[in-house]
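Subject: Structure handover

Hi,

Here is the structure I promised to pass on. My notes follow below it.

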Amino acid sequence: MEADGQPSWTYPAATRDGYVLDDGTIILTLSKSKRYEGGAVVRVEASGKETLIWKGTQSEVNSAQPTSEGNFVITEAGNQPRLLELSPDGKVIVEFPLACQKKNHQMQTRMARKTADGTYLVPHLLDFAVYRYSADGKVLDKLDTSVPGDTDREIHTWPFTAIRHGDDHTLVCCTNGNRVVDFDSDGKIVWTLTNEDLPGEWLQDPCGGQVLPNGNVV
């Protein structure tokens with residue numbers, strides 16, 4: 001999207017996560033389709049040339065984060081949900097199972113992110129928490145997105161995106177509840193945004209989020 005709000009480029013398939021690299025290359029996580037029954041991750045160059053980075057092996061591929069080393073952090077949903085870190089040439093250098101529910105594949109994970117300390121933040125929607133994993137797959141801690149006193153947890157607490165920022169704070173978008181929360185380094189919620197804080201129903205299924213350098217939140 002350009003500064004005037006007009007699209008200058010589109011991709012002709014459903015996507016789930018995406019990044020623009022410094023050289024203009026676009027990394028896209030593709031939803032499952034006839035072409036990729038388990039989803040995929042592709043690289044699209046400025047010229048339009050497309051290269052397959054990863055072909056999904058289960059139900060869905062839900063994220064593909066480029067790292068500072070040039071690798072890609074990918075999650076797969078399915079009977080055996082897992083996180084993978086791939087080298088630029090597609091070699092698996094990290095792999096471990098995800099400790100989430102297995103019954104509902106679609107609601108297992110969304111946008112996983114590797115942090116500066118080498119751990120991995122993975123939102124698990126129907127587990128109502130963001131899990132932090134070590135590189136060997138150990139669950140180090142969890143950020144509970146439940147609403148205290150809420151009797152309908154399934155509606156209000158689905159974590160979709162977890163963004164590490166500042167002094168080890170983590171911004172989490174809770175999609176179905178139209179709610180955004182910020183956790184401090186101790187796992188305590190220190191900031192919450194809902195439509196009650198806004199001049200209208202602006203939060204409609206918030207999925208993605210970013211913290212800008214000045215501290216503002218998109």
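How much space lies in the largest pocket? About 220 Å³. First, the ground rules. This is a predicted model, where local features need pLDDT of at least 70, side-chain atom pairs count only at pLDDT 80 or more, and totals for chains, interfaces and linings use all residues. Residues are numbered from 1 along each chain as its sequence is written, and side-chain values use heavy atoms, with hydrogens and water left out.

**Pockets**

A pocket here is an open set of points on a 1 Å grid over the protein atoms alone, where a 1.4 Å probe fits, with protein on both sides within 12 Å along at least five of seven lines. Lining residues have an atom within 4 Å of a point. A volume is the space filled by probe spheres set on the points, which are joined across faces, edges and corners.

The lining of the largest pocket includes Tyr-19, Gln-65, Pro-66, Arg-113, Lys-114, Arg-164 and Gln-210. E5, strand E9 (113–114) and strand E13 (159–165) each supply at least two of its lining residues. Strands are DSSP runs of E, at least two residues long, numbered from the N terminus. By class, this lining has 5 nonpolar, 3 polar and 3 charged residues. Ala, Val, Leu, Ile, Met, Phe, Trp, Tyr, Cys and Pro count as nonpolar; Asp, Glu, Lys and Arg as charged; the others, Gly among them, as polar.

The second largest pocket has a volume of about 170 Å³. Its lining has 14 residues. Arg-132, Asp-141, Leu-143, Arg-164 and Ser-185 lie nearest the centre. The classes are 3 nonpolar, 3 polar and 8 charged. Strand E11 (129–133) and strand E12 (139–144) each give at least two residues. E12 gives the most, with 3.

**The E10 region**

Buried means under 20% relative accessible area, exposed over 50%, and partly exposed in between (1.4 Å probe, protein chains only). Tyr-120, Val-122 and His-124 point one way from E10, while Leu-121 and Pro-123 point the other way.

E10 runs antiparallel to E9, with 2 bridges joining them. Two strands pair if DSSP finds at least two bridges between them. Lys-114 stands opposite Tyr-120. The hairpin of E9 and E10 has 5 residues between the strands, and there Gly-118 takes a positive phi near 85°.

E10 is also antiparallel to E11, this time over 5 bridges. Tyr-120 faces Tyr-133 in E11. The hairpin of E10 and E11 has 4 residues between its strands. Phe-128 sits in that loop. Phe-128 has a positive phi of about 55° although it is not a glycine. Phe-128 is buried, at 12% relative accessible area.

Asn-178 is another non-glycine with a positive phi, about 50°. Asn-178 is found in the loop between strand E14 (169–174) and strand E15 (179–183). For context, most residues other than glycine have a negative phi.

**An open sheet**

Four strands form an open sheet in the order E5-E6-E7-E8, with antiparallel pairing. Its edge strands are E5 (60–66) and E8 (92–97), each pairing on one side only. E6 (residues 72–77) and E7 (residues 82–86) pair over 5 bridges. Thr-75 stands opposite Leu-83 in E7. Val-92 is in E8 and is partly exposed, at 35% relative accessibility. The C-alpha atoms of Val-92 and Val-73 are separated by 10.0 Å, with the two residues 19 apart along the chain.

**Cysteines**

How many disulfides does the structure hold? The count is 0, where a disulfide is a pair of cysteine sulfur atoms within 2.5 Å. For Cys-173, the nearest cysteine sulfur is that of Cys-174, 7.6 Å away. Cys-173 is buried, at 4% relative accessibility. The sulfur of Cys-207 is 7.9 Å from its closest cysteine sulfur, in Cys-173, so the two are too far apart for a bond. Cys-207 is partly exposed, with a relative accessible area of 23%.

Over to you.
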